[in-house]
Amino acid sequence: MKINNRLNMVPEKSFYNQDEILKKGNKEIYNFGVGDPNLKIREEVVEGLLDGLKTDKFNNYPPYDGIIELKREIIKYYKNLYDVNLDTDQVIITIGSKDAIVGLIPAVCNFNDSIIITEPSYPIYKSVCSLWGVNYNKIPITSSNDYLPNLNIDEKILNESKILLINYPNNPTGAAANDKFYKEITKLADKYNLILVNDGAYNEIIFNEKPISLLQFDNNNKSIEIGSFSKIYNMTGFRIGYAVGNKEVIKAMLKIKRNLDSGQFIPIQYAAINALRLGEEYRKSVCSEYYNRKEKLISILKSKNINFFNSKGGIYLWCSVPKDYNIDEFCCELAEKYGIIVSPGYNFGTTSYGYFRIALTGDAEMIEKAFSKLKIYS
């Protein structure tokens with residue numbers, strides 16, 4: 001039997017089996033590995049889901065591109081939060097932000113076309129490219145430049161690429177983009193006729209600053225921004241997201257979607273509508289909670305001599321492996337000795353063997369209980 005050989009390019013697991021550690025049950029486990037928020041979902045969101053179950057034909061096939069009510073709410077949201085104007089044909093509803101990425105790549109690229117991604121990065125970018133037969137060129141992001149890419153990119157790479165894919169606020173580092181960066185990168189994308197894409201799954205989770213959108217700086221309407229309800233609204237299991245921006249790309253994504261999967265269950269879309277209506281005070285409360293968790297973790301890591309990048313957004317802290325350890329040794333020690341699960345840096349690229357990611361998915365009490373047990377590293 002012959003299996004698709006592109007699957008060989010898609011990784012399956014980290015170096016240690018987290019599930020096996022969780023099954024042992026011989027110690028309390030503190031899982032900071034997966035970015036699955038533990039905040040309580042707002043009652044309004046649940047009410048939206050229940051109200052959706054009462055709508056006419058809720059059980060029928062949903063529109064592939066999403067119900068018009070949710071599209072309009074996203075348009076209002078972008079206007080209120082970012083002062084960006086959108087039309088309904090610039091919005092597509094997806095089954096989570098991952099679905100948007102899976103549809104975007106083949107919507108734009110032919111087999112053997114190329115895109116540009118940053119590294120470290122969300123592993124799905126590379127996996128989707130491998131599955132669709134698309135090449136990716138990696139540009140490094142480092143702490144010396146606050147994990148923003150140096151835009152002095154090789155001209156050959158720029159000329160041969162179709163998409164420039166970025167992710168801010170960033171997973172795994174928590175770095176945030178700024179006005180100056182967005183102005184420069186949109187100018188670069190225009191010069192080389194690149195479709196600029198921001199995976200904005202953490203767009204709203206920004207500390208002590210107003211959120212910004214890539215689309216605020218796209219004067220030529222060539223960009224795409226991907227959004228998610230998972231992190232800011234604690235709706236990971238609902239699997240709902242969206243993409244907004246260039247009409248031609250959105251139209252192509254819809255054609256992929258019609259042939260690849262389906263629209264999201266209509267009541268879930270009504271839940272998303274209510275989530276968007278929670279407003280600015282809700283958003284600030286979520287950001288405040290993650291900021292407080294981050295500050296608690298930082299204070300403990302400092303006392304343990306573990307270095308980190310002080311993130312400006314998102315729900316992660318990007319940390320350096322202590323000296324005298326390699327990444328496997330350190331993550332195994334955390335798991336087996338202290339019951340702490342984290343993500344090894346090489347999950348996010350070959351440049352990140354000296355790092356690990358902590359998801360801020362436990363409250364301050366859990367963070368204190370877990371990390372205060374660590375020894376002081378030299």
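**View 1. Arg357 meets the ring of Tyr316.** Arg357 places its charged end over the Tyr316 ring, 3.9 Å from the ring centre (a charge counts as over a ring if NZ of Lys or CZ of Arg is within 6 Å of the ring centre and within 35 degrees of the ring normal). This is a predicted model, where local features need pLDDT of at least 70, side-chain atom pairs count only at pLDDT 80 or more, and totals for chains, interfaces and linings use all residues. Residues are numbered from 1 along each chain as its sequence is written, and side-chain values use heavy atoms, leaving out hydrogens and water.

View 2. Five of the five residues of β7 (residues 224-228) are buried, so the strand is largely enclosed by the rest of the structure (buried: under 20% relative accessible area, 1.4 Å probe, protein chains only; strands: DSSP runs of E, at least two residues, and helices: runs of H or I, at least four, numbered from the N terminus). Strand β6 (residues 195-199) runs parallel to β7, joined by three bridges, and β8 (residues 241-245) runs antiparallel to β7, joined by five (strands pair if DSSP finds at least two bridges between them). Glu225 is the bridge partner of Asn198, while Gly227 partners Tyr242.

Notes
Buried means under 20% relative accessible area, exposed over 50%, partly exposed in between (1.4 Å probe, protein chains only).
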